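Let's take a friendly walk through a protein model together.

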Amino acid sequence: MNYSSVFNKEIFENVIKVLKEDCKISRGFTSQVIGTTSFSATTTSIITYVLSKLGCLSVEEKECLKQDILSFKINKKGFYYNSIGNEDSVTVWSTAQSCLALIEIGTKEDLFFDSIEWLCDVQSKDGGWSYNGRENEISRIGYCLYTVIVLYKISNKNLKVKKAIIKAIHFIKNYNPKDTCEKIIKYYLLTLLKIEDGNEIQEREIVLDFINENIFELANYTIVEPGSGIHHFYVPWYVPGFYMFLRKFLEPDHPIVLFLMKWLSNNIIDKKGWSSDIHNKKIYSWATALSILCINFWNMDCQKKSVIIKKLNDIEIIKEQMLKIMEDNSMPIYMSVCPLNGGKCNLRNKIELEYNDMNIFLDIPYQNSYLTYEKQIRSTVKKSGLNVVIAKNKQKSDVLLCKVCQLIQTCKYGIADISEESLNIPFELGLMYGLGKPCAILKGKNSKQPSDVQGIEYIQYENTDEINSQLKDWIKENVK
């Protein structure tokens, strides 16, 4: 294991002792709060997986835990979730976690392949999975997470498994995430299945969405619960879970990562484990396991990338760093809802492919009398190293609004000349403002300023030399 000054050797040793001694009972590990006698396949599987990942299980311990997990099976169809003898407690969630733990400790697949086939049998018609595998329940990408990972990891991909993966890919690609957590899970699964690989645009969008959803609750260390929009203090799965996925594209000293680590640091009880409430002093078994695994990954990442963090900053400092990211113009912003159909933009993939940090959208009059000024603007922009994007340069679209909206979203910056009366120019300017694009507004000296943009700062010019000079200054100041 790897240690740091923030989460040192003492913490790891204490937590491992708690997991192996205080959480271990006659059959598996205690469910939820330490000190109770209830147990479940879910908690047993999570802690088994974590201890194995941390290299803290002997061959004998793995064998005992393998038998514990396998003993939860019912009629060779899934695993129990909460209580023994209750068939209603069999769930996709628990079954997939159990299979994942068995894979991690090196169990032969034929001992649990009946559970793999059960997961395939309860797959919903849409290709996803519900919590308990019942067709009348709603499929959610969160319930697909462990199932897809398991199907991806096993070596015996028979026809049933292959079909299940194909259906799952269709579901994942078309699933509309309810919040950032679901968006992170979707992106993780797409990259795992090699449908997408390191899409920088989506990664930036996830970062912005995460901050936007959580920035106002940072002082309370809460996170939005997946699919609910509700902030919870009790988020021991979500917090370490976020880092498990985000570490694929965020540096270990990224403000979001530091926020998550600060949350984990503040919610540890007596350097032994994690709780839903630091005031009740009750340590939660599976939350403690996932948290220490997350911390181990973070310590490893810091060491691998030579990042030294001796102390985590106060939450207000981290909050300022996160707000700065929100203001960073390097983050492209897209339309969350299509203004035409009120749904999701179906051109997002095309927009992401064409987006360029050096693109600038020209929102200018198309009259012949304006051609001289247009030529000067294009020349100034190009000499500054920017790529000119303008609607009239593109092929005609059946829907003009859709084309303009698409082009604007491929740009990081914008220019709008409001010298001539036009309906499209204020509209396009509004789109750019709404999307947070830094925009230079130009206006001829003798032109009447539209009332809709009263109070907005603009560049006034009388000739092409003034356009060139002032636009160059604007680009120098705003293009980063």
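This is a predicted model: local features need pLDDT of at least 70, side-chain atom pairs count only at pLDDT 80 or more; totals for chains, interfaces and linings use all residues.

Is Cys345 buried or exposed? Its relative accessibility is 16%, and buried means under 20%, so Cys345 counts as buried.

Now look for Met335. Along the sequence, Cys345 and Met335 are ten residues apart, and in space their C-alpha atoms are 7.6 Å apart.

## The whole protein

Let's step back for a moment. The protein contains 18 helices and nine strands. Of its 480 residues, 53% are buried.

Next, find the open sheet, where five strands follow the order 6-5-7-8-9 with parallel pairing. Which are the edge strands? They are strand 6 (387-389) and strand 9, and each of them pairs on one side only. Going from one strand to the next, the twist averages 25°. Helix 18 (residues 464-478) packs on this sheet, where it touches strand 5 (356-363), strand 7, strand 8 and strand 9. The direction of helix 18 makes about 165° with that of strand 9.

Six of its six residues are buried, so strand 8 is largely enclosed by the rest of the structure. Here is a handy rule: in a regular strand, side chains alternate between the two faces of the sheet. In strand 8, Cys439, Ile441 and Lys443 lie on one side, while Ala440, Leu442 and Gly444 lie on the other, and both faces are covered.

Strand 8 runs parallel to strand 7 (residues 411-417), and four bridges join the two. Ile415, for example, has Ala440 in strand 8 as its bridge partner. To get from strand 7 to strand 8, the chain passes through helix 17 (residues 424-434), making a right-handed β-α-β crossover. Strand 8 also pairs with strand 9 (residues 459-461), in the parallel sense and over three bridges. There, Leu442 has Ile459 as its bridge partner.

Now turn to helix 16 (residues 400-409). How many of its ten residues are buried? Seven are, so helix 16 is largely enclosed by the rest of the structure. These buried residues are Lys403, Val404, Cys405, Gln406, Leu407, Ile408 and Gln409. They pack against helix 14 (348-354), strand 5, strand 6, strand 7 and helix 17.

Our last stop is the pair formed by helix 6 (residues 141-153) and helix 7 (residues 159-174). Their axes come within 11 Å and cross at roughly 145°, and the crossing is left-handed. Which residues meet here? From helix 6 come Ile141, Cys144, Val148 and Leu151, and from helix 7 come Val161, Ala164, Ile165, Ala168, Phe171 and Ile172. In this contact there are ten nonpolar residues, no polar ones and no charged ones.

An α-helix has 3.6 residues a turn, so residues three or four places apart point the same way. Look for that spacing in the helix 6 set, Ile141, Cys144, Val148 and Leu151.

Key. Residues are numbered from 1 along each chain as its sequence is written. Side-chain values use heavy atoms; hydrogens and water are left out. Axes are lines fitted to C-alpha atoms, for helices over the stretch in contact, and angles run from 0 to 180 degrees between N-to-C directions. A crossing is left-handed if the near helix is turned anticlockwise from the far one by less than a right angle, and right-handed if clockwise. Contact means heavy atoms within 4.5 Å. Ala, Val, Leu, Ile, Met, Phe, Trp, Tyr, Cys and Pro count as nonpolar, Asp, Glu, Lys and Arg as charged, and the others, Gly among them, as polar. Buried means under 20% relative accessible area, exposed over 50%, partly exposed in between (1.4 Å probe, protein chains only). Two strands pair if DSSP finds at least two bridges between them. A crossover is right-handed if, with the strands pointing away from the viewer, the path from the first strand over the helix to the second runs clockwise.
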